[in-house]
Amino acid sequence: MAKRDYLKITDMTLAEAHRVLRLAARLKEEPKGRRATLLAGRSIAVVLEKASTRTRVSFEVGIAQLGAQPVVLSTQGSQLARGEPIRDTARVLARYCDAIAFRTSSTARLLEMAEASVPVINALSDDGHPVQVLSDIFTIEEALAAGGDRTGIAGRRIAFLGDCSSNMARSWLEAAPLFDFHLVLAGPAGYMPPADEVARARATGHVTLVNDPREGAAGADVVNTDVWASMGQEGEAERRRAAFAGWTVDAGVMGKAAPHAIALHCLPAHRGEEIDDETLEGPRSRVWDQAENRLHVQKALMLWLLGVELA
């Protein structure tokens, strides 16, 4: 099988994405350890240039549950800290490991890692977080099904409120035409995705941009948000808090959404800033399902990339 990478949402066709999500659902239903021989004898590297909780644990545990050996490298725990070129690290890891998950701030470094001869997964970069958004789509469809609606995400209204220039918002923007839902990006002026990315999505009729949080949430099936200052933006935190004043996802914002609407946040959350405690812990929150589903979707993704089928 030819090597495949998962660097962005559209590295899969819609049919392939549905296949991975169906596989994730099967894996989630099964007892832990049921599939512990699927990747027996293999190793998968998890290379972390940025701090991580959910990404590291979900990949490391998922790899182990499939029977493979997780090899976790941080910048400070490897020769990357001494300036070894990514392409050299990639070539060596490909001699040892069967796949690489890479979390980095630089898309250029991600693309360099993807020169490896084994599959590479984008576990976060500066312009996208595709594993998170794929898991979020799984969570949305799971929540719909639990309410008796198995029609999926197509045709739904998904709102993303806050920093719409973030890697999360940009992966949602890429996902909207592929999965055929309507995305409302709601953020202050100056916090929107690059114009060329917006133009591509607008050409398909799948995105609306607004500058008011309640207008953004109006009629939405899902209200999604993320931190106002991401990793590497700590020096901008005070300026961003001022810019996003009034943008907290709370009962007032959720009251504008559809009655069945759910709230999502990819975590970590700054409670009282981008989302209040009542919403995060309330009955409309699916945040903890969302966090768990990273494990199941990434396991399915790794099996798909490595060409391993379930019996």
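Two strands count as paired here if DSSP finds at least two bridges between them, and the strands themselves (E, at least two residues) are DSSP runs numbered from the N terminus, as are helices (H or I, at least four residues). With that in hand, look at the open sheet of 5 strands, ordered 7-6-5-8-9 with parallel pairing. This is a predicted model, with local features needing pLDDT of at least 70, side-chain atom pairs counting only at pLDDT 80 or more, and totals for chains, interfaces and linings using all residues. Residues are numbered from 1 along each chain as its sequence is written, and side-chain values use heavy atoms, leaving out hydrogens and water.

Back to the sheet. Its edges are strand 7 (207–210) and strand 9 (262–265), each pairing on one side only. From one strand to the next, the twist averages 20 degrees. Zoom in on strand 5 (residues 157–161) and strand 6 (residues 182–186): they run parallel and are joined by 5 bridges. Ile158 sits opposite Leu183 of strand 6.

Now for what lies over the sheet. Helix 5 lies across strand 5, strand 8 (222–225) and strand 9, and runs at about 160 degrees to strand 9. Angles go from 0 to 180 degrees between N-to-C directions, and axes are lines fitted to C-alpha atoms, for helices over the stretch in contact.

Helix 5 (residues 130–146) also packs with helix 12 (residues 287–305), at about 115 degrees and with axes 8 Å apart. The two helices are therefore roughly perpendicular, a label for 65 to 115 degrees; under 35 counts as roughly parallel, over 145 as roughly antiparallel, and the rest as oblique. Nonpolar covers Ala, Val, Leu, Ile, Met, Phe, Trp, Tyr, Cys and Pro, charged covers Asp, Glu, Lys and Arg, and the others, Gly among them, are polar.

Helix 12 has another partner: helix 2 (residues 54–65) packs against it at about 50 degrees, with the axes 9 Å apart. That angle makes helix 2 oblique to helix 12. Residues meeting here include Phe59 and Ile63 in helix 2, and Leu295 and Met302 in helix 12. The contact of helix 2 with helix 12 divides into 6 nonpolar, 5 polar and 3 charged residues.

Note on methods:
Contact means heavy atoms within 4.5 Å.
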